[in-house]
Amino acid sequence: STPLLEVRGLKKYFPIRSGFMKKVTNHVKAVDDLSFTVATGETLGIVGESGCGKSTTGRAILRLLEPTGGEVIFQGENLAALSPNEMRMKRKDLQIIFQDPFASLNPRMTVGEIIEEPMIIFELYETSKERKEKVAELMQVVGLKPENSERFPHEFSGGQRQRIGIARALALNPKLIVADEPVSALDVSIQSQVLNLMRDLQKQYGLTYIFISHNLSVVKHFCDRIGVMYLGRMVELAPKNALYEEPLHPYTRSLLSAVPIAKPKTKRERIILTGDVPSPANPPSGCTFHTRCPDCMEICKTDKPEFQSMGDGRYVACHLYNQ
Ligand code: SF4
Ligand code: MG
């Protein structure tokens with residue numbers, strides 16, 4: 001079946017200006033040639049350390065940041081080629097949930113107004129009464145009391161504020177939600193409640209998620225497939241179980257070796273990476289992971305590995321798997 005979303009060669013470069021004339025002297029390749037698909041109803045996890053480009057990927061897909069190159073095919077249409085006005089109308093179908101709901105909620109608006117606002121902007125209902133009914137329904141659905149709709153964001157806890165952010169995202173009946181570290185700012189005890197809610201909503205509304213996280217334990221329970229990013233590139237993409245049971249890329253292996261596992265019999269050796277994450281403004285030659293890779297070979301220093309299919313829905317960018 002055709003995927004809901006297909007990302008082809010997505011790039012987002014940020015110019016670096018320097019000197020008296022502020023000339024562009026270099027680029028940070030925050031997202032560099034990313035390709036993947038997302039099927040209807042699935043949850044694709046995107047993981048990596050901070051600065052790997054995962055948030056930028058989410059924003060470039062939604063065009064909250066203008067992509068430097070590539071295509072974002074959503075239901076057969078290239079979002080990257082739409083005019084700003086056409087894209088604005090598409091926003092109904094593609095919503096985002098942020099890590100810090102407090103920063104993304106207007107403190108001077110009541111919760112009811114916050115949830116209602118997108119419906120007004122997109123003229124979703126004829127009357128204020130219909131919108132208010134929808135607000136009450138959404139508050140109920142995300143586990144908030146509708147009678148609290150006159151309150152302000154600061155009167156709610158962190159977990160409740162994330163529920164408000166989710167209700168606002170749902171107000172337009174979106175098809176795809178990009179969730180950027182949606183539970184990272186919350187207490188561990190609250191995290192699973194919000195994740196359970198997101199899972200229930202996915203079933204109820206047929207939602208598709210792109211779930212961005214630095215935390216491999218969180219994505220493990222939440223995602224169907226997982227893409228691992230390093231320095232702006234996807235280095236591995238696989239169905240969840242395959243990735244956790246048999247990680248192929250040395251970077252994925254090192255990340256997973258730090259995650260506690262349920263069956264200690266299959267004991268994993270902890271792989272400690274040496275060296276810092278290189279600057280994305282000045283990435284290493286060849287495989288950008290070669291400066292930290294325990295399996296580095298000569299070819300890795302000069303040749304960029306292809307993101308190649310390994311069968312069974314698995315992809316990896318690493319010379320260890322050259323045919
Ligand atoms: Fe390591 Fe080479 Fe594979 Fe890069 S291509 S991950 S340096 S083995
Ligand atoms: Mg981020």
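Helices α4 and α6 pack at an angle of about 25 degrees, and their axes lie 7 Å apart. Axes here are lines fitted to C-alpha atoms, for helices over the stretch in contact, and angles run from 0 to 180 degrees between N-to-C directions. Helices (H or I, at least four residues) and strands (E, at least two) are DSSP runs, numbered from the N terminus. α4 and α6 are therefore roughly parallel to each other. Angles under 35 degrees count as roughly parallel, over 145 as roughly antiparallel, 65 to 115 as roughly perpendicular, and the rest as oblique. The crossing of α4 and α6 is right-handed. A crossing is right-handed if the near helix is turned clockwise from the far one by less than a right angle, and left-handed if anticlockwise. From α4, the contact draws on Val111, Ile114, Ile115 and Pro118; from α6, on Ile164, Ala167 and Arg168. Two residues are in contact if their C-beta atoms, placed from the backbone, lie within 7 Å. By class, this contact of α4 with α6 has six nonpolar residues, no polar ones and one charged. Ala, Val, Leu, Ile, Met, Phe, Trp, Tyr, Cys and Pro count as nonpolar, Asp, Glu, Lys and Arg as charged, and the others, Gly among them, as polar.

The model is predicted: local features need pLDDT of at least 70, side-chain atom pairs count only at pLDDT 80 or more, and totals for chains, interfaces and linings use all residues. Residues are numbered from 1 along each chain as its sequence is written, while chains are lettered from A and ligands numbered from 1 in the order in which they are written.

Helix α6 (residues 158–170) also meets helix α7 (residues 188–205). Their axes come within 10 Å and cross at roughly 15 degrees. α6 and α7 are therefore roughly parallel to each other. Their crossing is right-handed. On the α6 side, the contact involves Gly158, Gly159, Gln162, Arg163, Ile166 and Leu170; on the α7 side, Ile190, Gln193, Val194, Leu197, Leu201 and Tyr205. Seven of the contact residues are nonpolar, four polar and one charged.Helix α4 (residues 111–121) has a further partner in helix α5 (residues 128–141), and these axes come within 9 Å and cross at roughly 120 degrees. α4 and α5 are therefore oblique to each other. This crossing of α4 and α5 is right-handed. Gly112, Ile115, Glu116 and Met119 in α4 face Arg131, Lys134, Val135 and Leu138 in α5 across the contact. The residues of this contact comprise four nonpolar, one polar and three charged.

The strands come next. Strands of a sheet pair through backbone hydrogen bonds, either parallel or antiparallel. Two strands pair if DSSP finds at least two bridges between them. One open sheet has eight strands in the order β6-β7-β8-β3-β9-β10-β12-β11, with mixed pairing. β6 (94–97) and β11 (308–311) stand at its edges, each with a single partner strand, so one side of each is left without a neighbour in the sheet. Neighbouring strands of this sheet are turned by 20 degrees against each other on average, direction ignored. Within the sheet, strands β9 (residues 225–230) and β10 (residues 233–239) pair in the antiparallel sense over six bridges. Glycine 227 is opposite leucine 237 in β10. β11 and strand β12 (residues 314–316) run antiparallel and are joined by three bridges. Here glutamine 308 is opposite valine 316 in β12. β11 and β12 form a hairpin with two residues between them, and aspartate 312 in the turn has a positive phi of about 55 degrees.

Another open sheet has four strands, ordered β2-β1-β4-β5, with antiparallel pairing. Its edges are β2 (23–38) and β5 (77–78), each with a single partner strand, so one side of each is left without a neighbour in the sheet. Strand β4 (residues 69–74) pairs with β5 in the antiparallel sense over two bridges. Phenylalanine 74 has glutamate 77 in β5 as its bridge partner.

Ligand 1 has 14 residues around it, of which Cys287, His290, Cys293, Cys300 and Cys318 come nearest. A residue is near a molecule or strand if its C-beta atom, placed from the backbone, lies within 6 Å of it. The shell around ligand 1 has 10 nonpolar, three polar and one charged residues.
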